[in-house]
Amino acid sequence: ECCKAAYGGQASGKCLSELASPPTTSPTMAGGVGTEWYPDYSSAWSDAGCLNTLPKPFNDGDRPVYATQLECCKAAYGGQSSGKCLSELASPPTTSPTSAGGADVYYPNYSKSWSEATCINDNPVPSGRPTYSTQSACCSGAYGGQTSQACVCAVDPCYSCKCGDVTFLQNNNCGATLIANCSR
């Protein structure tokens with residue numbers, strides 16, 4: 001109270017600085033959390049992220065500050081191969097985009113034997129795997145010589161007699177001609 005009353009306009013802040021708990025230049029929010037994000041220069045670059053704790057371990061203007069954690073990570077740790085900074089975000093990005101209902105591309109499923117394999121669109125898409133815009137294109141490109149026709153049957157259960165027995169074909173509403181040909 002004395003500093004405010006007697007030295008309220010004091011530009012140097014001398015009176016306030018001599019208090020037992022002097023105010024900081026940045027407002028302190030609950031839990032010592034600030035509104036600005038800054039790079040953590042006390043950790044190795046590959047293990048560092050962005051902080052918003054108060055009091056800040058530097059004077060205003062001594063290092064860059066950012067409005068958001070993401071903005072700080074992009075600017076200060078943009079090429080960080082460990083991904084440490086981005087991994088600390090509330091909703092960190094993934095290495096592959098995730099969309100509801102699967103990936104936007106199809107790829108060969110190498111976890112099954114070639115004669116049983118089909119094309120799938122599960123996320124994440126494996127790195128280096130050939131991809132196709134449609135399941136049919138994937139079957140043609142990856143399993144074109146597949147004598148079991150497992151892949152094309154997964155796309156169209158009425159593709160041929162190899163897709164299933166007559167009951168299977170009937171349950172999938174396949175055409176009468178196909179069902180008749182498969183009954184022989």
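Reply: Let us begin with Asp60, which counts as partly exposed at 47% relative accessibility. This is a predicted model, in which local features need pLDDT of at least 70 and side-chain atom pairs count only at pLDDT 80 or more, while totals for chains, interfaces and linings use all residues. Residues are numbered from 1 along each chain as its sequence is written, and side-chain values use heavy atoms, with hydrogens and water left out.

Me: Why is Asp60 called partly exposed?

Reply: Buried means under 20% relative accessible area, exposed means over 50%, and partly exposed is in between, with a 1.4 Å probe and protein chains only. The value for Asp60 is 47%, so Asp60 is partly exposed.

Me: What makes the contact of Asp60 and Lys56 a salt bridge?

Reply: A salt bridge is a side-chain nitrogen of Lys or Arg within 4 Å of a carboxyl oxygen of Asp or Glu. The side chains of Asp60 and Lys56 meet at 2.6 Å, N to O, and the pair therefore qualifies. Lys56 also meets the side chain of Glu36 in a salt bridge, at 3.0 Å from N to O, and Glu36, Lys56 and Asp60 are linked in a network of salt bridges.

Me: Is Lys56 buried or exposed, and what is Glu36 called?

Reply: Lys56 has a relative accessible area of 14%, which is under the 20% limit, so Lys56 is buried. Glu36, at 32% relative accessibility, counts as partly exposed.

Me: How do you know that Lys84 forms a salt bridge with Glu88?

Reply: The closest N and O atoms of Lys84 and Glu88 are 3.4 Å apart, which is within 4 Å, and therefore the pair counts as a salt bridge. Lys84 is partly exposed at 33%, and Glu88 is partly exposed at 35%.

Me: Why is Gln80 called buried, and which residues does Gln80 touch?

Reply: Gln80 has 9% relative accessibility, so Gln80 falls under the 20% limit and counts as buried. Leaving aside residues up to four places away in sequence, Gln80 touches Trp45, Ser46, Asp47, Ala48 and Cys85, where contact means heavy atoms within 4.5 Å.

Me: What makes a group of residues a nonpolar core?

Reply: A nonpolar core is a set of buried Ala, Val, Leu, Ile, Met, Phe, Trp, Tyr and Cys residues joined through side-chain atoms within 4.5 Å. The largest one here has 8 residues, including Trp37, Ala48, Tyr77 and Cys85.
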